[in-house]
Amino acid sequence: MFKIPFLDLPPLRAAAGTVRLPGSKSISNRVLLLAGLSEGQTLVHDLLDSDDTAVMLASLKVLGCQLEQVPGGPLKVTGIGGRLVNKDAQLFLGNAGTAMRPLTAALALLAATQGGAFELAGVARMHERPIGDLVDALRELGCEIACLGSEGYPPLRLSGPSRLRLAEPVRVRGDVSSQFLTALLLALPLVATQDVVIEVVGELISKPYVHITLELLKRFGIEVRADGWQRFTIPAGSRYRSPGEVHVEGDASSASYFVALGAIAAAETPIRIEGVGSASLQGDVRFVEAAQAMGAEVRAEANALEVKRGAWPLKALDLDCNHIPDAAMTLAVMALYADGPSTLRNIASWRVKETDRIAAMATELRKLGASVEEGPDWLRVHPLRAWKPASIHTYDDHRVAMCFSLAAFNGLVTDSAVPVRILEPHCVAKTFPDYFETLFEVVTARPEDIPVLTIDGPTASGKGTLADEVAHELGYVILDSGMLYRATGLAAHRAGLDLDDGAAVAAIVPAMDLHFRKGRVTLGEEDITDALRAEAAGLMASQVAAHPQVRSALNQLQLDFRRVPGLVADGRDMGSTVFPDAPLKVFLTASAATRAERRYKQLISKGISASMEGLRADLEARDARDKGRSASPLKPAQDAQSLDNSAQTIEESRDLVLAWWAERRPF
Ligand SMILES: O=C(O)C1=C[C@@H](OP(=O)(O)O)[C@@H](O)[C@H](O)C1
Ligand SMILES: C=C(OP(=O)(O)O)C(=O)O
C-alpha cells in the first residue's frame, strides 16, 4: 500500500496482463458475520484483507468468536452459536457499512434476548451516514437503541434485555440503503422462534446486494421466502448451520477499474481479470454490460473476465445505475473518453456513502477540465480533450482514488498528456489495499513520461539513504546503481575474472541473474545483500566501474528501472549520463571528515573495527579515482542542484529535495 500524502501518476498509454482480484468485501463481511453467529467452525478461503474486514474481524473477536489464520490458507472461524459470550462491548467499525449495519441488527437482537450493552462507533464520516431506518425497524421490533450523537446516526448504544414483538411484520425503508434490509435478514434468524416477516417500505435500492444476502443465508442453512422485493419471511426455527467451508469470490466492484482499463487501454492484448466472471454472485459484475455498451470487448468465463478495447473513443452512455451503485463511479471517469455526454441516473445513494460521491465526482472531474452537470440523483459528464494536470482530492473514499487513476490515460485522447495526482492514496485500504501496486503491474508509459529524480555524489555522502527516503515519500521505484556495480564486481570476482579486464567483466553482465526485491539483492539463488555492503564489494565496484565497457553494459539494465510511477536513481553518473533528461538532478556532497565519521559509526555499530584516519584516506583516494576516470568521471551534471549535507539531518535533506521536486511538478 502507498502510505504517502500523494501519488503522482505519469501519463499512461497501454495496459495488458493479468490481475488477481482481492476478495469481495460484501461477501467477506457477510460470511464472517454468519460464521461468527453459527455454531462450530467455518473455514473461510480467499477472505478480503482490508480495513472493512479488519473491523468486522476485530468485533467478532471481542464478541467471543475464535479466529485462527491457517498460514497461507483459510481463516478458521469458530462461531458463538448465537449465545453471547461477552455482553458488554464497545466496537469500532471504521467506515464499513457492511459491518455497522448488520452488527447493529445482530447485537440489538442479542441484547434484547440475552441482555447486554454494546456501543457501536466509527470514523467521523460513519457518524454522518444514516442508519435511522434500521434503528426505527429494530425499535419497532422491541430493541432498545440510543443514538449517542444525532438521532438517526451512529454512534449507537444497544441494550437489553427487552421484549421482542415478532408477531407483526417489521417494516423497514429500502430507499436509502439496502444494507438496512440486509442487516435484518442476516440477524433475524437469531430470534426466529416463529415466522418473522419483513416488509420493505418504499422502492428498494441496490437490489443485487440483497440477492447476495439471500444466497449466503441459504449457504448457512436459512431459506428466506421472498415475495418480490417487498416482503421476506424468515421461517420459524431457522438456525445458522455452517457449510464448513466457504470460498470468497473476487470483488466485482474492484473488477470495474480493470474492466474500464481494458476498455480504455488494452488495444492489443486483453486484460485478464481473475476472481469474478459470469458465475458471480455479485450484481456488480453487470458493470461489464455498461462497459460493453461503451464499446469494450469482453469475454467472460465462469470466474474470469478478459477485456479489450473495442470502440474508440468510447461510446457515450445513458444508464440507470441503481443496480451497480459502487461500480458506476468508474463509468463517470470512462465518460471522459467517450464520444458524447454520458448520464448516470438513479444514484441518489451516492450522497450518503464514504462521501457525497455525486458532489465529489463532479468537483474532481471539473479539476481535470471536464464539464459536468449534477442533480439530486444524477450526474452528466462530457468528454474531455483539453486536460489539465490536477490534484485529485479523495475524501477518504477508496473508489474516488481508484477510479481517478483511469484519468492518467488522457494521452490516448490528447497530444498534450498530463500526469494526475491522487491525494491520500492509502484510502484504498478500505477494500483494495494493493490497488495501485496491482495497477502498476499491468500498465505501461513512455519512458520519457516517467519522472526521474537523480541523486549523485561521492561515497558515504548519504545518497543511498536520501534516495530511499525520497523514493518512499513519492512512492517511486528506486535504483541503487552502486549496488549494480557492486554486484557486477562480486559476480566477476566469483567467476574468477581479472577485475582489470573490462571486456571480460562486461561480458558477464547480460547473463547476470540479478534481482532487487524488497530491499534484498539476489544473484541466482543466493541473497548477496550483506556481501554487497561489505567494504571489499565497494572496492571491487570502484574497480569494475572504471571500464567504459562495463558502464555501457550496465546502461540498459539501469534504464529498465524507469518504471511507473517514477524513479529515484542514486549513484555517480545518474544525472550526468544515464538519465540526462531527469527533471531534478541532485549532487550530494559532504566534507571528507563528515563522511569518514559516518562510515566509522556505521562500521562500529556493526561491530566492525575501523580507524577514522584510515577511512578518510580511503575515501579521498576513492574520490580521486572516481573524479579522474575517463568514463563518466564523478562530476555534477551541468543542471544539477548541489546539496552539501554535512550539517543536515536526513529529514532536512529529504524535505529540501522534495521541495525542489515540488517546484518542478505541474500541480
Ligand atoms: O450490502 C452491501 O454489501 C453493500 C450495499 C451497497 O450499499 P447501499 O445499499 O447503501 O447502496 C453498496 O454500495 C455497498 O458498498 C455494499
Ligand atoms: C459504499 C461502500 O461501502 P459501505 O460498505 O461502507 O457502504 C463502498 O464500498 O463503495
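**Questions on a predicted model**

Me: What makes helix α1 largely enclosed by the rest of the structure?
Reply: In this predicted model, 13 of the 13 residues of α1 are buried, so the helix is largely enclosed by the rest of the structure. The cut-off for a buried residue is 20 or more other C-beta atoms within 10 Å of its own.

Me: How do you know that the span of α1 agrees with its number of residues?
Reply: Helix α1 covers residues 25–37, which is 13 residues. The expected span is 1.5 Å times one less than the number of residues, and for α1 that gives 18 Å. The end C-alpha atoms of α1 are 18 Å apart, so the two values agree.

Me: Why is Y395 called buried?
Reply: Y395 has 21 other C-beta atoms within 10 Å. The limit is 20 or more, so Y395 counts as buried. Y395 sits in the loop between β23 and α11 (398–404), and has a positive phi of about 55° although it is not a glycine.

Me: Why is N346 called partly exposed?
Reply: N346 has 16 C-beta neighbours inside 10 Å. A residue with 20 or more would be buried and one with 12 or fewer exposed, so N346 counts as partly exposed. N346 also has a positive phi, about 60°, without being a glycine. Its loop runs between β20 (342–345) and α10 (357–367).

Me: Why is ligand 2 said to lie between domain 1 and domain 2?
Reply: Domain 1 (6–22 + 251–444) and domain 2 (25–247) both give residues to the shell around ligand 2, so the ligand lies between them. The shell consists of N95, A96, G97, T98, D326, K353, E354, R399 and T431. By class, one of these residues is nonpolar, four are polar and four are charged.

Me: What places ligand 1 between domain 1 and domain 2?
Reply: Both domains give residues to the shell around ligand 1, so ligand 1 lies between them. Of the 13 residues around ligand 1, S26, S177, S178, S206 and Y209 come nearest. Helices α3 (97–114) and α5 (179–187) are the elements that give two or more residues to this shell. The shell has three nonpolar, nine polar and one charged residue.

Me: What makes β1 and β24 a pair of strands?
Reply: Strands pair if there are at least two bridges between them. Four bridges join β1 (residues 6–9) to β24 (residues 420–423), and the two run antiparallel. F6 stands opposite L423 in β24. Strand β23 (residues 390–392) pairs with β24 in the parallel sense over three bridges, and the partner of S391 in β24 is R421.

Me: How do you know that domain 1 and domain 3 touch?
Reply: Two residues are in contact if their C-beta atoms lie within 7 Å. Nine residues of domain 1 are in contact with seven residues of domain 3. On the domain 1 side, β1 gives the largest share, three residues. That side has eight nonpolar residues, no polar ones and one charged. The C-alpha centres of these two domains are 39 Å apart.

Me: What kind of peptide bond joins P154 to P155, and G160 to P161?
Reply: The bond from P154 to P155 is cis, with omega near 0°. The bond joining G160 and P161 is cis as well, with omega about 15°. P155 is in the loop between β9 (144–147) and β10 (156–160), and P161 is in the loop between β10 and β11 (170–173).

Technical notes:
Residues numbered from 1 in each chain as written. Chains lettered and ligands numbered in written order. Predicted model: local features only at pLDDT ≥ 70, side-chain atom pairs only at ≥ 80, totals over all residues. Near = placed C-beta within 6 Å. Nonpolar A, V, L, I, M, F, W, Y, C, P; charged D, E, K, R; others polar. Domains from an automatic or database assignment.
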